[in-house]
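Let's take a walk through this structure, starting with its open spaces and ending with a pair of helices.

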Amino acid sequence: MPRLLLLRHAKSSWDVPGLGDHDRPLNSRGRHAAPLMGRHIAAHALLPERVICSTARRTRETLAGLLPHFDREMDIRLSRALYDSGSADYIDVIRASGGKARVLLIIGHNPALQDTAVDLVGAGNPALIETVATHYPTASLAVIDFPQKTWAEIAPHSGRIVAFFQPRELETVDSPGAAATADD
């Protein structure tokens with residue numbers, strides 16, 4: 001059963017006038033949130049086997065903040081298709097690039113990342129579904145399980161949201177009860 005992790009990049013900086021959107025770095029809040037989420041992913045046995053990350057600087061810096069907390073080998077790919085695209089493009093990348101990974105992490109951008117979660121989730125805690133649909137802050141992570149055997153087979157509304165973690169919740173207490181889960 002495939003498990004999809006959809007991580008919005010951490011908070012980025014708008015401080016450099018004239019800097020292109022693709023080249024914007026993380027700000028101090030983002031540099032704090034990325035490792036926090038990395039620790040949480042590792043502590044809760046959510047480590048991916050494959051990571052597909054947008055080529056934008058802020059997504060790559062978010063990935064760099066996660067990696068010190070990941071203690072296993074994994075396949076990491078950068079994809080321009082995750083930058084300035086829509087939900088259909090994200091779903092195409094997931095289907096085509098998930099491979100044999102049981103856990104796939106996508107690091108991308110809103111609104112496409114949030115739209116992808118909404119398009120793929122068809123079951124789970126209604127409160128989590130509503131939160132994902134209305135409020136997907138930077139460095140937030142949706143965990144979605146699918147009944148299909150392969151990534152190529154996933155379909156809209158076939159996923160079940162099992163958790164949604166936000167950095168502000170993790171700062172309070174980094175425990176399973178600190179963020180909304182399907183058991184809430």
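What volume does the largest pocket have? It comes to about 250 Å³, where a volume is the space filled by probe spheres set on grid points joined across faces, edges and corners. Among the 18 residues lining this largest pocket, His9, Arg24, Arg58, His109 and Asn110 are the closest to its centre. A pocket here is an open set of points on a 1 Å grid over the protein atoms alone, where a 1.4 Å probe fits, with protein on both sides within 12 Å along at least five of seven lines; lining residues have an atom within 4 Å of a point.

Before going on, note that this is a predicted model: local features need pLDDT of at least 70, side-chain atom pairs count only at pLDDT 80 or more, and totals for chains, interfaces and linings use all residues. Residues are numbered from 1 along each chain as its sequence is written, and side-chain values use heavy atoms, leaving out hydrogens and water.

The second largest pocket has a volume of about 160 Å³. Its lining includes Lys11, Pro137 and Gln166, and the elements giving two or more residues to it are helix H1 (28–43) and helix H6 (167–172). Helices are DSSP runs (H or I, at least four residues), numbered from the N terminus.

Now for the helix pair. H4 (residues 112–120) and H5 (residues 126–134) pack at an angle of about 150 degrees, with axes 8 Å apart; axes are lines fitted to C-alpha atoms over the stretch in contact, and angles run from 0 to 180 degrees between N-to-C directions. H4 and H5 are therefore roughly antiparallel (angles over 145 degrees). Where they meet, Gln114, Ala117 and Val118 in H4 touch Val132, Ala133 and Thr134 in H5, contact meaning heavy atoms within 4.5 Å.

Technical notes: Parallel < 35°, antiparallel > 145°, perpendicular 65-115°, else oblique.
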